[in-house]
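I opened my notebook to write down what I could look up in this structure, one topic at a time. Follow along with the picture if you like.

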Amino acid sequence: MAVLTAIEFGWWIIAWRAGIAPVPFVGTYLTLTFAGLAMILAARVGLRMGRPAPSWPAIIAGTLLVAVGASLFLPLKYAIPAEIPFWLDRPLMVAERALFGDDPWLLLDRILGWATRPIDWLYGCWLPTQLLVMFSVMLSRPSPAKSRALIAYSLGWFVLGTVAAALLSSAGPIFFDRAFGSADFSALDHALRARGAWVAIAESDRMWASTGMERPGLVAGISAMPSIHVAISLWVVLATQQMKPKFAPMAWAYFVLIWIGSVQLGWHYVSDGLAGALGMWVIWRLVGMWIGVSGEHRPTRQSVYGTRTVSRASDNRSG
């Protein structure tokens, strides 16, 4: 987390000096992040889950890094069109219309139009949901599974949400007409308003209004490919399967609904979700291989308080 945050900071300095990235809202994100930590701690007390296993210095350091990294993510995302203008939208639109026979959002609207409003609210709650899951992982006992989850989470945000998003610069269906001066997705706006998807409408309007502002608000920055919503939702699945497998079916349902919502609400093309999911899966696998090479998963016997670890070979020698 510290290494990636340092890289993001250097990237932001360059973009800020070039006049294409605003100043990050560090104080606001610190407040929001520590509020999320407090909510998880309160939930643990309420559910009698016991005290957090990591030390408080580790918890505070991790929370600070999440807050600073999140505050840098927004201006870096905001700077994408100035660094690399949107170029991938039209090829994706043409390819998906040819593949599906129509716009994927329209096909979903015909099937799930009745569920647009709850899907819109669920999608709007994605950020606090993934933060609560991340803090639950951070407060768990030290283990290779925890290391894998936190490293994959950090890499997912950086590699997919920042680097890949810049290289694959695109706006998404909900911004297509405003970005390119067309009417290719005019029906999408009418459908969202008719279905009552007010979260998507309000958020997209605020994000578009922020373009070109010297000091945009917290809702700013446009990027579609790959979908970080889908990528992190898959991370929730993978982390849950490894650390709390009994909740895996719920996590899978959440992942599927977020991917459906990302397309039906017009935020993303189907390809964006596929790229995000595949990217996170590759990151998860590579981090698992790296954790394995480091030897963290070797058979060990750990004391109750986690203060010492003795190998099985040592146990045998000691009789």
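**The loop with a cis bond**

I looked up Pro-226 and found it in the loop between α12 and α13 (228–243). Helices here are DSSP runs of H or I with at least four residues (strands are runs of E with at least two), numbered from the N terminus. The peptide bond that leads from Met-225 to Pro-226 is cis, with omega near -10°.

**Ground rules**

I noted that this is a predicted model, where local features need pLDDT of at least 70, side-chain atom pairs count only at pLDDT 80 or more, and totals for chains, interfaces and linings use all residues. Residues are numbered from 1 along each chain as its sequence is written, and side-chain values use heavy atoms, with hydrogens and water left out.

How many salt bridges does the structure hold? I found eight salt bridges; the term stands for a side-chain nitrogen of Lys or Arg within 4 Å of a carboxyl oxygen of Asp or Glu. One of them joins Asp-103 to Arg-97, with the closest N and O atoms 2.6 Å apart. Is Asp-103 buried or exposed? Asp-103 counts as buried because its relative accessibility is 8%. Buried means under 20% relative accessible area, exposed means over 50%, and partly exposed is in between (1.4 Å probe, protein chains only). Arg-97, at 27%, is partly exposed.

I then checked what else Arg-97 does. Its charged end sits over the ring of Phe-185, 5.4 Å from the ring's centre. For that label, NZ of Lys or CZ of Arg must be within 6 Å of the ring centre and within 35 degrees of the ring normal.

Asp-109 forms a salt bridge with Arg-195, and their closest N and O atoms are 3.1 Å apart. Asp-109 lies in helix α6 (residues 104–112) and Arg-195 in helix α11 (residues 186–195), so this pair ties together parts that are 86 residues apart in sequence. I wrote down that Asp-109 is buried at 12% relative accessibility, while Arg-195 is partly exposed at 35%.

Next I looked at Glu-203 and Arg-206, whose side chains meet in a salt bridge (3.8 Å, N to O). Both residues lie in helix α12 (residues 198–210), three residues apart, which is about one turn of the helix. Glu-203 is partly exposed at 28%, and Arg-206 is partly exposed at 47%. I also noted one network, in which salt bridges that share partners join Arg-178, Asp-189, Arg-193 and Asp-205.

**Thr-116**

I found Thr-116 in helix α7 (residues 116–124). Thr-116 is buried, with a relative accessible area of 2%. Which side chain does the side chain of Thr-116 contact? It makes a polar contact with the side chain of Gln-264 (3.0 Å). A polar contact is a pair of N or O atoms within 3.5 Å; within protein, one must be able to donate a hydrogen and the other to accept it, and residues adjacent in sequence count only if both atoms are side-chain atoms. Thr-116 and Ala-191 are 75 residues apart along the chain, and their C-alpha atoms are separated by 9.6 Å.

**Two other pairs along the chain**

Leu-131 is in helix α8 (residues 126–138) and counts as buried at 18% relative accessibility.

Ala-239 is in helix α13 and is buried at 4% relative accessibility. Ala-239 and Ala-145 are 94 residues apart in sequence and 7.8 Å apart in space, C-alpha to C-alpha.

**Rings**

I found twelve aromatic pairs in the structure. Rings of Phe, Tyr and Trp (its six-membered ring) pair if their centres lie within 6.5 Å; planes under 30 degrees apart count as stacked, over 60 as edge-to-face and the rest as tilted. Which residues do ring pairs link into a cluster? They are Phe-73, Trp-126, Tyr-153, Trp-157 and Trp-235.
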